[in-house]
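Subject: Structure handover

Hi,

Here is the structure we talked about. Please load it, then read the notes below alongside it.

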Amino acid sequence: MDFEPWWLIFLPLLFGLGWIAARVDIRQMLSETRTLPNSYFKGLNFLLNEEPDRAIDAFVEVAKLDPETTELHFALGSLFRRRGEMERAIRVHQSLLSRADLAQIDRENAQHELAQDFLKAGMLDRAEQAFEQVLDTRFAVPAVRALIRIYESEHDWPRAIEAVKRLRALVDEPVPQLVHYQCERAVAAMTSKPPDIQAAEGALDAADNAAASLRGQARGQASEARIAMLRAHLARINNKQERERSYLVSVLSIAPEYASLVAADILESYRRAGQETEGLQLLRNHYMRYPSLDTFNVVFRELRAQEGYKPAWTFAREALRAHPSLLGLDRLLEAELASGQTGATKEALAAPVGDNVAPGSAIVPATGAADIVAGADLSLLRSLIHKHTQRLDRYACNVCGFEARNFYWQCPGCNSWETYEPRRLEEIK
Ligand SMILES: [Zn+2]
């Protein structure tokens, strides 16, 4: 490119213009800064020094001097909420909403902020109303998500399901707990008096549809197991014994580790059909592949009832040897003490544990260390063990650690779904 003489004029002109523009900017900034009250900078300073209490005081001062500053009110409101000062947060956002001159976009924002204040304050009714008012604004997605949580905590399953549909229309987002909402609807229909069979069937069909999208995931397995259990329950209400049993047994293949939740029911349904021997065999085989404490307990008790204490104790010794468990021993002693044949138990406990002890084999007389057990007071032994096992005989949420004696599909502590394993604390290692 050749040098053009007119550049000599053009370049300085350009620099001159830039200099003037910069000066104008600086002047404007300075004039704006002069109009900002000192408290504003004090507040900023406190915030930077992580002194939110003093920052809030300074900002409140600014807000009093200049009530028009909406941005500052929003900042204050969210600061209050974050610090758990819900009353103050609500007041700030309500005062914003009461302004007649507030721009529509700020009004929607204030409404959404207020809804979050109510939610955090636990005022669910008011939070629900406030979120509903922003459903047609740019806050629709977070509002629907919040509404789902609110309906869920109120156990309002039909509305939770509606809200999930609404969310799906807005964004392509998986909602795995939808299966459980439908299951809860089914439970409500089955436990109403009289049971609403049709509603329960409809809810379970819908649950199946929701579960179809989860197929192939670990989470899907658990959901399907729950649906099968509920279908079994429904079949029982309808007096369809065969169906009940086939649904219960299907759990063993859908989600084998959930056998612990259905083992007793499976045995019971076989017993009603006069086939308890087959039921016992099925559970025993399942236990060999998927050992769990509750299945062990059911198999041991049934073996004892059907074949007597020797085969039962042989099974128990082998099982406890493969999976040492204090809880298992505790349940065993409980069953024995309840049967009132403690003499036989002492003999069984005293027998050495061998690899080749087959069910029904003769029990070898007690020797050595086993003598201590043979002479022991079984109820004392049990009470000692029981003291320790009480802590272990619980289910625990793997999100918040909440422990419970019953199995829950939704944690009562943190409201998460499927966070309980179908295993006791002692078995989770
Ligand atoms: Zn939890």
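**Helix 9 against helix 10**

Helix 9 (residues 157-170) packs on helix 10 (residues 178-191) at an angle of about 155°, and their axes are 9 Å apart. Bear in mind that this is a predicted model. An angle over 145 degrees counts as roughly antiparallel, so helix 9 and helix 10 are roughly antiparallel to each other. The crossing of helix 9 past helix 10 is left-handed. On the helix 9 side, the contact uses W157, P158, A160, I161 and V164. Helix 10 supplies L178, Y181, Q182, E184, R185 and A188. Sorted by class, this contact of helix 9 with helix 10 holds eight nonpolar, one polar and two charged residues.

**Helix 5 against helix 6**

Next pair. Helix 5 (residues 86-97) and helix 6 (residues 104-120) pack at about 160°, with 9 Å between their axes. Helix 5 and helix 6 are therefore roughly antiparallel to each other. Helix 5 passes helix 6 in a left-handed crossing. From helix 5, the residues that meet helix 6 are M86, A89, I90, H93, Q94, L96 and L97. Their partners in helix 6 are R107, A110, Q111, E113, L114, D117 and K120. The class count for helix 5 with helix 6 is seven nonpolar, three polar and four charged residues.

**Helix 7 against helix 8**

Helix 7 (residues 124-132) packs on helix 8 at an angle of about 150°, and the axes are 10 Å apart. That makes helix 7 roughly antiparallel to helix 8. Helix 7 passes helix 8 in a left-handed crossing. Helix 7 brings L124, A127, E128 and F131 to the contact. Helix 8 brings A143, A146, L147, I150 and S153. By class, the contact of helix 7 with helix 8 has seven nonpolar, one polar and one charged residues.

L147 sits in helix 8 (residues 140-153). Is L147 buried or exposed? L147 has 24 other C-beta atoms within 10 Å, so it is buried; the cut-off for that is 20 or more. Setting aside neighbours within four places in sequence, L147 is in contact with E128, F131 and A163. L147 and E132 are 15 residues apart along the chain, and 8.0 Å separates their C-alpha atoms.

**The nonpolar core**

In soluble globular proteins, nonpolar side chains tend to be buried together. Here, the largest nonpolar core has 84 residues. Which of its residues touch the most other members? They are A115, L147, A207, V251 and V299. Helix 12 (residues 218-237) gives the most to this core, with eight residues. A207 is in contact with V179, Q182, C183, A186 and I227, leaving aside its neighbours within four places in sequence. Q182 also belongs to the contact of helix 9 with helix 10.

**A75**

One last residue. A75 lies in helix 4 (residues 70-82). A75 is partly exposed, because 18 other C-beta atoms lie within 10 Å and that count falls between the cut-offs for exposed, 12 or fewer, and buried, 20 or more. A75 and F59 are 16 residues apart in sequence. Their C-alpha atoms are 9.2 Å apart in space.

Best wishes

Definitions and conventions:
Residues are numbered from 1 along each chain as its sequence is written. This is a predicted model: local features need pLDDT of at least 70, side-chain atom pairs count only at pLDDT 80 or more; totals for chains, interfaces and linings use all residues. Helices (H or I, at least four residues) and strands (E, at least two) are DSSP runs, numbered from the N terminus. Axes are lines fitted to C-alpha atoms, for helices over the stretch in contact, and angles run from 0 to 180 degrees between N-to-C directions. Angles under 35 degrees count as roughly parallel, over 145 as roughly antiparallel, 65 to 115 as roughly perpendicular and the rest as oblique. A crossing is left-handed if the near helix is turned anticlockwise from the far one by less than a right angle, and right-handed if clockwise. Two residues are in contact if their C-beta atoms, placed from the backbone, lie within 7 Å. Ala, Val, Leu, Ile, Met, Phe, Trp, Tyr, Cys and Pro count as nonpolar, Asp, Glu, Lys and Arg as charged, and the others, Gly among them, as polar. A nonpolar core is a set of buried Ala, Val, Leu, Ile, Met, Phe, Trp, Tyr and Cys residues joined through C-beta atoms within 7 Å.
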